[in-house]
Amino acid sequence: MRRSRCSTRLGPATLAALLFAAPWRAVPAAAQPASAGVEGGAFLLLPIGARATALGQAAAADGGTSEAVFWNPAGLATLARGEFALHHYDAFFGSGDALVVAVPSASLGSFAFTAYLVNYGDLAVTRADLGPEPVGQISPRNLALMASYATEVVDGVSAGLTYKLVQFRVDCSGDCSQVPTATGTTNAVDVGLRYDASSWLPVVFGLTLRNLGFPLQVNNRSQEDPLPTRLVAGVSVAVVRSPAGAQGIDARVLVDLQGTVNEGALDPVTLVGLESGVGELVRLRAGYAFLNSNARGPSLGFGVRFGNIAFDLASVFSSAEAIGDKQPVHISFRVIF
């Protein structure tokens, strides 16, 4: 593509994973297709779900809700009832939306199906010989379709598996003669274990391997991107228990160690969360993600539940200067059936 003929404004998309996921390869927008500067699988590291996000992403040992599909699929085995969940977040680079349907079975285990879309917005295409008016638009998106299964293996020990169909795509409308579109698709899995020792110790352990799969190839093999595979070990400790048979105040601390896989050294980082409340009626959460990126920082959130309706809210306060006043806000809405 000749620089003098066409350009695209790709600022929001090319900053997204740089600040909140894995590194991107920055390239001049006018000289490359819209996909060339992007590690298309980096979006898999963006936190999903207000509950875990407020806990500093320390969720490997968590469970009890369908949010486990994003953090450790073994946590799905603790579902007592079915759930329909909607998750949404707004950030400076765009937005993300996920829909989850989870159904537990006493004899067969728990099943969940998820659709997740990251929308980086519509980016204008201009041509130097026609002036500043847009002649078309580019629409970069990430998509993941997921199917999960979890079951209790023995008393207190559960295992889970999630299959992911992952896609990065750049669609174009209008005058796209100088802006090649692109699509890359790959497959990945998450596997996890969870051990609930609360029958003799107020502790839950979790272990999960996330995003294990084939590289995402958008243009050609030389430009394929490995998926951001992570190994995570976590623990949840109940430091205050509500009285037996009564709904009182409780509190727990969650700590995860997360390391990179297939990227050289394990380079572990620590994720910490604190949660307290009265049963499922009201929950207050705080956390800190000690990540080796500009996404490092604290998080706050709360959750409420009225009957079969649950609502969670979280905000992340990262150290990234480029986001200005647009700190990520996460909202989760669940219907229990």
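Which residues touch the most other members of the largest nonpolar core? In this predicted model, local features need pLDDT of at least 70 and side-chain atom pairs count only at pLDDT 80 or more, while totals for chains, interfaces and linings use all residues. Residues are numbered from 1 along each chain as its sequence is written, and side-chain values use heavy atoms, without hydrogens and water.

The largest core holds 38 residues. A nonpolar core is a set of buried Ala, Val, Leu, Ile, Met, Phe, Trp, Tyr and Cys residues joined through side-chain atoms within 4.5 Å. Buried means under 20% relative accessible area, exposed over 50%, and partly exposed in between (1.4 Å probe, protein chains only). Phe-43, Phe-70, Leu-76, Phe-93, Tyr-116 and Val-118 touch the most other members. Strands that each supply at least two residues include β2 (83-91), β3 (94-105) and β4 (109-119). Strands (E, at least two residues) are DSSP runs, numbered from the N terminus. The largest share, four residues, comes from β6. A second, separate core has eight residues, among them Leu-55 and Ala-289.

Ala-289 lies in strand β13 (residues 282-290), where side chains alternate. Arg-283, Arg-285, Gly-287 and Ala-289 point to one face and are buried.

Strand β13 pairs with β12 (residues 269-278), antiparallel, through nine bridges. Two strands pair if DSSP finds at least two bridges between them. Eight bridges join β13 to β14 (residues 297-306), also antiparallel. Ala-286 stands opposite Leu-274 and opposite Leu-300 in β14. Three residues separate β12 and β13 in their hairpin, where Gly-279 takes a positive phi near 55°. The β13-β14 hairpin has six residues between its strands.
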